[in-house]
Amino acid sequence: MRKWFFAGFGVLAMAAVASVTMFRPSGAQQPAAAKSNIMPVDTGSLKGPRQPIFFRHDIHAGQKQIPCQYCHYSVGVSNEPGIPSMQTCMGCHSLAVGGSTPENKVEIKKLRAAFNARKPIEWVRIHAVARHVHFPHSRHIKALGPQACATCHGNVARMPQVYKVNNVNNMGFCITCHLERKVSRDCSTCHY
Amino acid sequence: MTDQAEASGVDRRQFLKVIGTAGAGAAILSGCSTERISTLVPYMVQSEDQVPGIPTWYASTCSECNNGCGVYVKTREGRPIKLEGNPDHPVNAGTLCSRGQAGLQALYNPDRLAGPMAKNAAGKWDAIKWDDAIARFAAKVGATNGELAVINGYSASTFSTMLTKWTAALNGFVTNFQPFSREPERLANQKTWGRDDLPVYDFAAAKYIVSFGADFLETWGSVVEQQRGFATSHGFNDGAMSRAVFVGPRLSLTAANADEWVNVPAGSETLVALAMAHVVAAKTGSAVASALTAYAPEQVAKDTGLTADQITKLANAFAAASPSLAVAGGVGAQHRGAIDLCHAVNLLNEAAGNVGKTVMFGAAPSASEGYGSIQPLFDRMSQGQFQVVLVHDANPLFTLPKSGKFTESFRKVAFKVSTATVLDETAAECDLILPNLHGLERWDDLMPRKGVLGMLQPVVEPVRGGMHTGDVLLQASQKIGGAVASFNAKSYEAYLKAEWEKSFKSSDFATDMREALGRGGVYTASTTVDQPKLVATTALAVTTPTFDGPGDYVLMPYPSMQYHDGRGANKPWLLENPDPITKITWQSWVEIHPDTAQKLDVREGEIVELTSPHGKARAQVYVYAGVRPDTFAMPIGLGHTEYGRYAQGRGVNPLDLVGAADGQGFLPYVGTKVSVARTGDYHQVARVDGTPRQLGRGIIQTMPVANAIKKMTPEESYKAIGRGEAESNPELEQKAIAGFYEAQLDATKFGDYANEHPKWGMAVDLSRCTGCSACVTACYAENNIPTVGEEQVFRRREMSWMRIERYWEGGTNGEPLQARFSPVMCQHCDNAPCEPVCPVYASYHTADGLNGQVYNRCVGTRYCSNNCPFKVRYFNWLKYNESAWPEPLNLQLNPDVITRVRGVMEKCTFCVQRIRSAQNTARLEDRDLKDGEIVTACAQSCPSGAIKFGNVKDPNAKVVQWKQNHRGYVMLEETNVRPSVTYLAKVLNIETAAFTGAEER
Amino acid sequence: MAVIAHDPSLPTQTHAEVTRDVVRTITDKPAMGYYILAGSMAFLTLVLFVTLGAMLKYGIGIAGYQPPVMWSVFITTFVFWVGIGHAGTLISAILFLFRSRWRTAVYRSTEAMTVFAVMTAALFPIIHIGREWVFYWLIPYPNARFLWPNFKSPLMWDVFAISTYLTVSSTFLMVGLVPDIAAVRDHVSGWKKTVYAKLSLGWTGADSQWRHYTRAYLYLAALCTPLVLSVHSVVSWDFAMSIVPGWHGTIFAPYFVAGAIYSGVGMVLTLMIPLRKVLRLDQMITEYHFDNLAKLTLLTGSILFYAYSMEYFIAWYSGSLFEQTTFWRRVFGPNWWAGWSMVICNAFMSQLLWFPKIRKNLASLFVISIFINIGMWFERYVIVVSSLTNDYVPYAWGQINPSWADWCILAGSFGWFGLWFTLFYKNFPIVAIQEIKEMIPMPRRGAAARGH
Amino acid sequence: MAYRHVPGVLASFEHIDAACSAIRELKSSGHDDLTVYSAAANHELEAAIGDPVSPVRLFTLIGGLVGCTAGFGLAMWMSNDWPLLTGGKPIVTVPPFVVFGFELTVLIGSLSTVAGIIILSAMKSLKGRPYDPRFSDDRIGVFVPCGADQAAGVEMLFTQHGSVEVTRDA
């Protein structure tokens, strides 16, 4: 219906505007499966920004099957997903897990160094919604289940390096979903 | 929309510097939802009580004044963002005054000192290291051999005790100094009962309250507690209500809330009190009668300007209502006859048999010393008796009158040390500054009265490089050794906990302390009230107090509600929150009666020069009918020469005119007469009120108590009184709009509106509201409302989403001058006129009955504000969001509410962020919302509990009961906008015949 | 012939003379004064945009807004210019349908004035909003947020009304211009010729062209006629739809339309009286035309007079305390000066035109027209500002105190308007050649004596 | 100038009656494809040429109708697409939408009218036919496309009817 309307509308002397401003979220198309045994050495060649430590979601969440909420501890209870504390990382990496490949070893060394120096690692932020948007993670997890992260973030478990799959800062992206699921579209649900 | 992101939120780096790194490893995720944050910084170690996005609450105690109210500190990601009252606390029971809430701006004050500083030979400040600083301090103190003076402004607490012991160990001399320390009362209590302490007054129990100059709703005594009590007895709940009378030369906020203002010249309150006591004693046959023979009403009538039977009637009513309560004191009544006044009032209470009923001794701690002891101290300084002086948590050089040459005496001391957190007048004179930690950063406690131990615990890493003065002392002690070597606790925290352990006497101290900290302190049931024994009284001979100077006008300085003794003057919230009576912001002024103003030919804003034998001052005129023609009133608190960017050079300090001569053990604030001269200069008064009269529009409706008891509606009451025809719609109009709204609603069952939703509503009981403006500050704190500053207030551009409207009644042709107060916030109308006019749906109606405002959609046509009959929409004319919060003030911002950019309209949202988060929580727990689960910031803070909020569809919600009250009415009903806010008419405890309010309806 | 020659509505020249006189206004080398005029207008325009830039940088707070008066000088000036933009289409379209011949001499200039006035007015919605850079949210375009504007908002009606009016009136102007541009094309040479040739869209005056042209012009006129009446009605609803006392008047639509035409004609007089001298068009635009314009002024002025008095009657009759207070304070309140200057300049001054002596004297007519312009600005000021200064809640009452920005924008708007008009009258036929000729009977063999 | 040159005879008149009589005569003698130039619309000429009323009104009508529906349709569909309640008023409510119906009627109506003139005038191409600047001044021009064979006759006819200037345009 809306599509049709926009089409007809465009004909009505707004085609130009429409084509420019019209945006339909490109559904979460999946990245090519990164084979974990092939270690991409130069992270710059991968999609997405380069992180201070080449943390591999595809290994942690993918191969090792660690649930998202193990690290992003507050996603189920709070608006904020929570960034794992350095301690959480060290829980495994202090002694036990030292990395399978030399490349991994290097990265884990970085982690230990940072922890011992008590210098928190400044991860490059990938998903951010505008200041005037309030996105309660907890409610969405509650409604869609703990596996729902991929709905917005894409299948991180297959990403050697995380990149933006959906423009989560685009209102259309939110609204499409809210429309499909017949949940509130009231402005003050997110904007206050 | 990108500019939304520019909004000055929390600058992460700054924040990291403040919180992140040091020890505890708090971290910053707050404002996670801002695009500006380009990197995410994890905790080093996850602190178990901090979950990002979820506020953590700590109990603590307010250290803004010495009443020791308990507070809950709301923190997000390790930074306090709001102070609220601690409901368990016996003093303030969950509410907090403006000054208390503004404590946050003391914590984050941009002018806080970054670390210890020493004055070099050139008189400039050098930043130094703490070790160095403490070493210097220890060296000097160690060498004093007893010539050490300590001025301690921190009230009764473990720390004060330690400081006293410490000083004693050094044979030093300590003064626990409070500027407004109510000495006359204590001296009078000596006279009356031979005891030095102060009673606790039970306003809640009193049926008849007479205040002789005591501003018990403003600055006199434990105001939050007293206001709660006053609201309990004087607020109307379908029964009898207490009657309040104020005797004094100025219509203060307290007087404005009384049912009657007995306007007598400064000094003659004493006579009124005595005459009343005379009558009452005669009635009750009290022992004090003998002392009062000389004070029959007839004898005092002419000196007070009242008629004898006025006084008699007052006295009879007072005697008839038992228990009643008479209070006296306060700066406004601190003239040379103050002791007599308080003594007289004590006798009055005795005669009426209130002692032990509403006047209860035994609870209050021996109050701190004041002028009577600080003045001799300074005399000794001037005689060079001290080598070192340590000033802690006090600013005597501002709070004492200049004429006393205190600064000069102070300079006589060789080495002067201050622990001020901001460079105030006293600190500026010092040689060494050891900035203390703020109350929210340190371990400490307060004992406002017996049985109450209020605890302070650090809830945030030090915002600036301060150090707990306790630690400074302990470390210094070790360096000094000798007598003070015994002060060897490894830290003040350790010392304090050890002291607590002693006082706890519990088996499992650790657990008990954790519980106590959770409750914010230890509150043992108030000790049994002890009945003081009346000192045998001989016949009294009261002399009328004298005033210095040849001037024609008595100068009456009074403590400002916002600035108290001046400590509030560096907090934008307090500066922009208008004075409840004059509605002036950011300024000080001199109140002149209209007749006098006419006589002097001065207008509002004109600058006059006041001259007293002790000094001169130039102040701008505010013409005020609530002050006697023979009296000028001026607020204390402004006129700082130091004290940071907000306070410095702002306003004038009336103490410059006050004489320092004492002789009786207290400072006679009201002891000077001034003469006035026009200067021809003009400075616009930054008032926020437009026309202070209701012009018959029924904005704030009132009714005499008789009608209220008859369960009349305001409508009926006005009719019964024969006061103006109702403004509401005539029959035909009613018919025309009947069912219109419902019909419309049926036509709007689309989308979200089709489903079931709660409907949020509010009720305000005007018979409880005193206009104290605590709710305004709460609103500023909760909703990140920017302060705009004096220049913008000149253009009436203040952003107070919640404002207290103040209207005057009477005052002309013999009618008594009365004030009406009402909080006015967005009324969230069902037929909101602001909504349909917005071209972009920025203003619209939510499914749960809120009048939504989508800031990021607003283009700023401002039509909504034009069309709002209540004018409660506020526009960001300039980039206030960039000017209002200089770092680190921005850390106080509530991350759940965005800061609005310039060019958008904003307004009260019924704290939608609180509603939504409560809904989220409920959803996570698969349950429905409970009534009272959502409390708006204003309702939460109100000391008299005048505001109720809730779901009006829930039949047994408290707010519904209020809305169904017969006193309920909505503002501007005739506009048929159907507000969601119901007001309960104010009830005046006066005879129906005496009912004024011609201008209400 | 002689008989007709007496009809003052008919021009006295021959076709050739008409062409010559009008084309001369374009071909003559402009005098020094012209450059000074154009230059000063350009300067004022610069002032306008510099001020606008300042407001973009710091926020519109630099203008003298003072709550509760959220609309002040800008909206006042907006309504003023929209109003000016009414005489044009009224004279060209409505009088065209009424076949009143006196319109022919003046309609081109008034139409130009209309277009430029509306162009000026169209700036203001953008100037006055708080976030100028998102003004396009008022346009219903498909967007990523799936949001649409609120069609119940009078401001949306405004957006549509103004943009429609601007488009249609400028179309109307251009259509009328084509044959005249062709005439100019045939009397100039060099690069000018090529430019005018392009603008004339290949017009030759062939029968086939005239055939469609005349018809189309009729329909355009027919469409414009209701538009003229609608536009200012819609603008008036910006106010009438609100609940502000002094705004929500049921008589607003006709009241505003009358006012608009009144102010428009006033501006026409202000412009044409000097222009006619400067361009030496006294033969074509005669006292007769001004007399008619004056009568139109008198008519609309009297309607205004009625509307003013009716407003007060309604305020009194409504029995609404708020209405009464507002109207009392209009003339006796803090803004009394604005209230009185509006009544005197509009209601009273226009009545002077009953006297033919005053009406027919260009000097006095010019003076009165100036008063009309001032008065009509104040009318809008009174309606917009002084109503807002005192509405429902006395605590919120307040006055305004305009700042330099307000005045710069006001002056700048005159510059912007003036610049366009100045450029227009020097480069395009300010009198409709072909329509004048249409009224001049073509010479017949019988009457060969006449003319050449 | 890549268009076909039209041969014929161009005459110019000073007197309206002369022109008209010439045109009538030409028409009667079977020269239908005349081009008559005049500086202003003139009823006598129209009568003489006798063409039917211009169909431009159809454009106006259709444009108007489209505009009207577009106006109402736009407002109603958009209000419904994201229903937001304002001031307790119905979400789809006709009275305010009349404004949009009306405005778009006028807008699209008049724009299509103008389009009408352009399209219709363009349908009869005048390219390649001679023109004289004086026609936009005070002369009336009549051009008859004809081969060299008829030219002489046409010239004769023009001069008889008092044409002040006749040029053959081969």
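How many salt bridges does a search of the whole structure find over all chains? The search gives 72. A salt bridge here is a side-chain nitrogen of Lys or Arg within 4 Å of a carboxyl oxygen of Asp or Glu.

Some ground rules. This is a predicted model, where local features need pLDDT of at least 70 and side-chain atom pairs count only at pLDDT 80 or more, while totals for chains, interfaces and linings use all residues. Residues are numbered from 1 along each chain as its sequence is written, chains are lettered from A and ligands numbered from 1 in the order in which they are written, and side-chain values use heavy atoms, with hydrogens and water left out.

Let's start with chain C and chain B. Here 56 residues of chain C are in contact with 61 residues of chain B. Contact means heavy atoms within 4.5 Å. The size of an interface is often given as the accessible area lost when the parts come together. For chain C and chain B, the buried area is about 4,800 Å². Carbon and sulfur atoms give 56% of it. Buried area is the accessible area (1.4 Å probe) that two parts lose on being put together, summed over both.

The rule finds one salt bridge across it. Its partners are Lys871(B) and Asp391(C), with the closest N and O atoms 2.6 Å apart.

H3(C) has the largest share, four residues. Helices (H or I, at least four residues) and strands (E, at least two) are DSSP runs, numbered from the N terminus. By class, the chain C side divides into 37 nonpolar, 13 polar and six charged residues. Ala, Val, Leu, Ile, Met, Phe, Trp, Tyr, Cys and Pro count as nonpolar, Asp, Glu, Lys and Arg as charged, and the others, Gly among them, as polar.

Next, chain A and chain B. On this interface, 43 residues of chain A touch 49 residues of chain B. Together they bury about 4,200 Å², 57% of it on carbon and sulfur atoms. Arg125(A), Arg131(A) and Tyr192(A) lose the most area in chain A, together 23% of what that side buries.

The salt bridge count between chain A and chain B is one. Asp926(B) pairs with Lys142(A) at 2.7 Å, N to O. Helix H4 (86-93), strand S1 (123-124) and helix H6 (137-144) of chain A each give two or more residues. H6(A) gives the most, with four. The chain A side has 18 nonpolar, 15 polar and ten charged residues.

Within chain B, look at Glu441(B) and Arg112(B). Their side chains meet in a salt bridge of 2.8 Å, N to O. This pair links distant parts of the chain, 329 residues apart. Glu441(B) is in the loop between strands S17 (432-433) and S18 (444-449). Arg112(B) is in the loop between helix H4 (103-107) and strand S5 (117-119) of chain B.

Last, the backbone of chain B. Most residues other than glycine have a negative phi, and most peptide bonds are trans. A cis peptide bond joins Ser322(B) and Pro323(B), with omega about 0°. Pro323(B) lies in the loop between helix H12 (308-320) and strand S13 (324-328) of chain B. Another cis peptide bond joins Glu887(B) and Pro888(B), omega again about 0°. Pro888(B) is in the loop between helix H31 (880-883) and strand S34 (905-907). Then there is Trp586(B): not a glycine, yet its phi is positive, about 60°. Trp586(B) sits in the loop between helix H21 (572-576) and strand S22 (590-592) of chain B.
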